[in-house]
Amino acid sequence: MSENKQIYARVHSIESFGSADGPGVRFLVFLQGCNMRCKYCHNPDTWKLPGDDYDNLKTPEELLKQAKRYKSYWGKTGGITVSGGEALLQIDFLIEFFKLAKQDKIHTTLDTAGNPFTREPEFFDKFNELLKYTDLFMLDIKHIDDEEHKKLTGFTNKNILDMAEYLSEQGKDMWIRHVLVPGINDDEKYLKRLYEFISKLKTVKKVEILPYHTLGVFKWKELGYKYSLEDVEPPTKEQVERAKEILHIK
């Protein structure tokens, strides 16, 4: 990373008072761009990988200054969360932004699906630098079965599970999130495998079931995309409770 080159985030949107994306009240930054094409994605407008002409560019300094306006609301547990899209696609920005935040003793959370993770040197070196400044990783595991994960997202999950194991080895706190989609990933055999995987990780502080919903379907239509899960209903309360029981969520 050149010290003379200014780094910019390609920002999709910002929320000043988030309460569901990390501990406490959070300043949420949603970055633009994602490679995965999850069939149930409620923000397909974040998919597009922006080019140099993308107009909503922010420097780490600009975003931190904006975030700190709300610092008095964070209390002892709140802070900054960066999500997406897929935030790891802009890892250079993440490193600089979180580094500045930690200089101000601000709690940092990364909300990610882990798709860009690799142990190839260029990315892996940057990822290890990012670990120094990230307090919490919120990892969204879409599907525990690799073949089903490919059908659901277009990509393997092997590198994502490898990332979870690496974070555990490095002692980094994690929250695991799982969107429960009836007929896709709610089968008992998949949930049991997911529990077996999570139970081997040493640093998982919380596991969350996020019930599938259809609130983002209108965006697919506006963008001209075909939504293939139109016949899938959100899970019932009983289905959610059953999944929580299998995953030992209290």
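Predicted model: local features only at pLDDT ≥ 70, side-chain atom pairs only at ≥ 80, totals over all residues.
**Figure 1. Overall fold of the protein.** Eight helices and eight strands make up the secondary structure (DSSP runs numbered from the N terminus: helices are H or I, at least four residues; strands are E, at least two). The C-alpha trace spans about 50 × 45 × 40 Å along its principal axes. A compact globule of 250 residues would have a radius of gyration near 18 Å, and the protein agrees, with 18 Å (taken over C-alpha atoms; the globule rule is 2.2 Å times the number of residues to the power 0.38). Residues are numbered from 1 along each chain as its sequence is written.

**Figure 2. Burial in the protein.** Of the 250 residues, 50% are buried (under 20% relative accessible area, with exposed over 50% and partly exposed in between; 1.4 Å probe, protein chains only). Among contacts between residues at least 6 apart in sequence, 75% join residues at least 24 apart (contact: heavy atoms within 4.5 Å).

Figure 3. How many disulfides does the rule count? The count is zero (a disulfide is a pair of cysteine sulfur atoms within 2.5 Å). The closest cysteine sulfur to that of cysteine 34 is in cysteine 38, 6.4 Å away, too far for a bond. Cysteine 38 is in no disulfide either; its nearest cysteine sulfur, that of cysteine 41, is 6.2 Å away. Cysteine 34 counts as buried because its relative accessibility is 13%. Cysteine 38 is also buried, at 7% relative accessible area. Side-chain values use heavy atoms, leaving out hydrogens and water.
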